[in-house]
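User: I would like a close look at the first chain as written, and at what lies around it. Please give me one connected answer in short sentences.

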Amino acid sequence: MKITRRKLLKGGAAAGAVAATGFPHIWVTDASLAYAAGGKIKVGVLFSLTGTTGIIEESLNKATIMAIEEINDQGGINGMQIEAVVEDPASDPATFAQKARKLVLSDKCVSVFGSYTSASRKAVLPVFEKRKNLYWYPTLYEGRECSKNVIYTGAVPNQQQDEFVPWLVKNFGKRWYLIGSNYIYPKEENNYCKKLLKELGAEVVNEEYVPLGHSEFSSVVNKFRSEKPDVIFSTVVGDSVVALHRQYRAAGLDPAKMPMASLTTSENEVAAMGGDAAAGHFTSAPYFMVWDSPENQKFVESYQKRWGADKVTHFVSEPCYFQVKMFQQAVSKLAPSDINPAEIREAVKGVELTAPQGKVRLDAATLHTYLWPKIGQCKSDGQFEIIKQSPGWLEPVPYKAYENQVCTEQGLKET
Amino acid sequence: MDIFISQIATGLSIASILLLVALGLAIIYGTTGVINMAHGEFVMLGAYSAWALQTYAGIGLIESLILIFIFVGLFGWVIERAVIRHLYDRPLDTILATWGIGIMAQQAIRLMAGGELRYVQMPEALSASISLLGVEISAFRIFVLVFTAALFAFTWCLMYRTSIGMKLRAITQNREMASSFGINSNRVYSMTFAYGAGLAGLAGALVSPLKSVSPEMGTSYVVDAFMVVVLGGVESLVGTIVSSAILGQLTGFLAFYSNDTIAKALVFLAIVILIRYRPQGLFATKVRG
């Protein structure tokens, strides 16, 4: 190994930091110190405000901004204000990567909160891994990822399904029809679902995928009719989910006998399809807007006060909110000179806080979050009625469908 | 057997939606030769008109159909007067121009109505399903089927039983010759364009209770409509109806026995192979150029 002048300086700086904590290291040129320069902590906010997913991502931007404002109003983190650098990646993965580079390299953000789709997360991943920065991802997703540069605060398949699938089998029956949009998320969710169904002795009568944006479901509805499944497990997303529900209802099928069970139908999708088309179907998620807790009441109230009384909170905007609070807790443990992505990652491990959905905890090994899955049934007014909550928080296991792979603190282990 | 009948009904329903969307395009393309890339946006405007009339004026879907036809038809007429008529001799430029108009329409709607997905309430009387030949069929889908059949009959009469239809067919065969016989081809062209746009608007309004309404919804419809027109043969109304029936049944059956992804791919493949050997489509009218 060659010892360069820069490395020597870095080592010296680290030694100096250990030797004299609290001493103002004005002589150190270590770049990491610049992260908390001028009593400000810079973070990036990377949600699309325009483009196809602009509408939903705008609500994620709003929840993030609100959390940052709350922290700043209460005096910031150890007296330092959080400065949000907002970028609009326009629903385009390539633009996501480009804006991520800008936030990390030229704005020198210590963390970036962002992404709704898996495609955009995958696009920015190389940036954060190469630059050793930290990305905070709020969306429920398909799991099977173990990056040490991403903090995952949304649900992975086991968290949404472990309670949901046995409950559905018990209450509705063992003949399942799996339908999803044709991309990775539904396929991974169905992989795990099939594993659970096998253990429960239930049967998959059909598994099929429709093209993204597909809107003609009459043949699918005919198959529902002829197969007569007990449960339709739906991971159809986007505008297809609206078409599927509306055509299901127009065909006169009955949710009481053949309910659709979804992992992706939130208050937002229900608003787009109309409560009458959604009524009676089930969704599993860690958060619903109607959840009755003092924290959620406060969250919904402040959200509507800040952004408008007609705005809704949902199961992706809630993690956006609490992950900023997790960031706050982690950073507050650090001395200003220690504020850098690597230290924040170490500090956030095991952080617990009471989120609107309940008490959550960041798992040290996987950097995913312990969450409280709930089962909601949609009502015709467009809100959910919560039927059941899991008895305890559920551990995130991102590789649960794959027995020979485990996500550990050191990374992915194959056995 | 039940399944067979309900699959036939499904195929007919898909076909009726295809025909509804393609009819306007076929007329515009067949008469003026303009490849109207903004056709999907006419459909989208129809759907948004239905949504706006329902949300802001409380007018039900059925009652608003006439208004929507007039509104989108008017929009088409303005587009023809302002842009298309200057480009009749430059067919390639019309593709670009109409595509641009489509994008502008999408973004204008996004700015005015927002990008959220919308839906249109189904008329109460048609929201149930009815039993027919032992199978359950959505009443609204039957309504769409009947409405499309009526619209097609009306259009056919317009083309083959009225003097304006005769003029239109004369222009289609030879524009200069028709003009020299005193037919005002400019006027006929703009009326045709407006009529085609109005039909697209009706299509959008009628599919809106079954599908989602969004600024980008037109894109998939314009692809389907072009498939119908290309397969059926340009300038042939009969071709349009036959090809939508074939595509509807084919898509329905393939989707039932495999899935929608494979159905879509196979239908595309079949069309590619067909136009390789029969570029003029199934039904081509012989026209002296």
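Analyst: Helices (H or I, at least four residues) and strands (E, at least two) are DSSP runs, numbered from the N terminus. The model is predicted: local features need pLDDT of at least 70, side-chain atom pairs count only at pLDDT 80 or more, and totals for chains, interfaces and linings use all residues. Residues count from 1 along each chain as its sequence is written, while chains are lettered from A and ligands numbered from 1 in the order in which they are written.

Start with the domains of chain A, whose bounds come from an automatic or database assignment. Domain 1 covers 29-155 + 293-372. Domain 2 covers 158-285 + 376-402. The centres of the two domains, taken over C-alpha atoms, are 29 Å apart. Their contact draws 24 residues from domain 1 and 18 residues from domain 2; contact requires C-beta atoms, placed from the backbone, within 7 Å. On the domain 1 side, the elements that give two or more residues are strand 12 (358-362) and strand 13 (369-370) of chain A. Strand 12 of chain A gives the largest share, four residues. By class, this side of domain 1 has eleven nonpolar, seven polar and six charged residues. Here Ala, Val, Leu, Ile, Met, Phe, Trp, Tyr, Cys and Pro are nonpolar, Asp, Glu, Lys and Arg are charged, and the others, Gly among them, are polar.

Strand 11 (residues 352-355) of chain A runs antiparallel to strand 12, and four bridges join them. Pairing needs at least two DSSP bridges. The two strands make a hairpin with two residues between them. A:A355 stands opposite A:G358 of strand 12. On to the next partner: strand 12 and strand 13 of chain A pair in the antiparallel sense, over two bridges. A:R361 faces A:Y370 of strand 13 across that pairing. Strands 12 and 13 of chain A also form a hairpin, with six residues between them. In that turn, A:L367 has a positive phi of about 60 degrees.

Next come the sheets. One open sheet in chain A has five strands, ordered 2-1-3-4-5, with parallel pairing. From one strand to the next, the twist averages 25 degrees; angles run from 0 to 180 degrees between N-to-C directions of axes, which are lines fitted to C-alpha atoms, for helices over the stretch in contact. Within this order, strand 1 (residues 40-46) of chain A pairs with strand 2 over seven bridges, in the parallel sense. A:I41 stands opposite A:I82 of strand 2.

Another open sheet has seven strands in the order 7-6-8-9-10-14-15 of chain A, and its pairing is mixed. Strand 7 and strand 15 (384-389) of chain A are the edge strands, each pairing on one side only. The strand-to-strand twist again averages 25 degrees. Inside the sheet, strand 6 (residues 175-181) of chain A runs parallel to strand 8 (residues 231-235), with five bridges. A:Y177 has A:I232 of strand 8 as its bridge partner. Helix 7 (residues 184-200) of chain A packs on this sheet and touches strand 6, strand 7 and strand 8. The directions of helix 7 and strand 6 make about 165 degrees.

Now the neighbour. 29 residues of chain A are in contact with 33 residues of chain B. On the chain A side, at least two residues each come from helix 2 (54-73), strand 7 (203-210), helix 8 (218-227), helix 9 (239-250) and helix 10 (267-273). Helix 8 of chain A supplies the largest share, seven residues. That side of chain A holds eleven nonpolar, twelve polar and six charged residues.

An unreviewed UniProt entry places "transmembrane region" features at several spans of chain B, including 55-79 and 139-159; positions use the numbering here, feature names are shortened, and annotations may be inferred rather than shown by experiment. Residues 55-79 of chain B are 84% helix and 0% strand, with end C-alpha atoms 27 Å apart. Residues 139-159 of chain B are 100% helix and 0% strand, and there the end C-alpha atoms lie 30 Å apart. Helix 5 (residues 139-161) of chain B packs with helix 6 (residues 163-173) at about 75 degrees, axes 5 Å apart. B:L158, B:M159, B:Y160 and B:R161 of helix 5 meet B:G165, B:L168 and B:R169 of helix 6. That contact divides into four nonpolar, one polar and two charged residues.

Note on methods:
Two residues are in contact if their C-beta atoms, placed from the backbone, lie within 7 Å.
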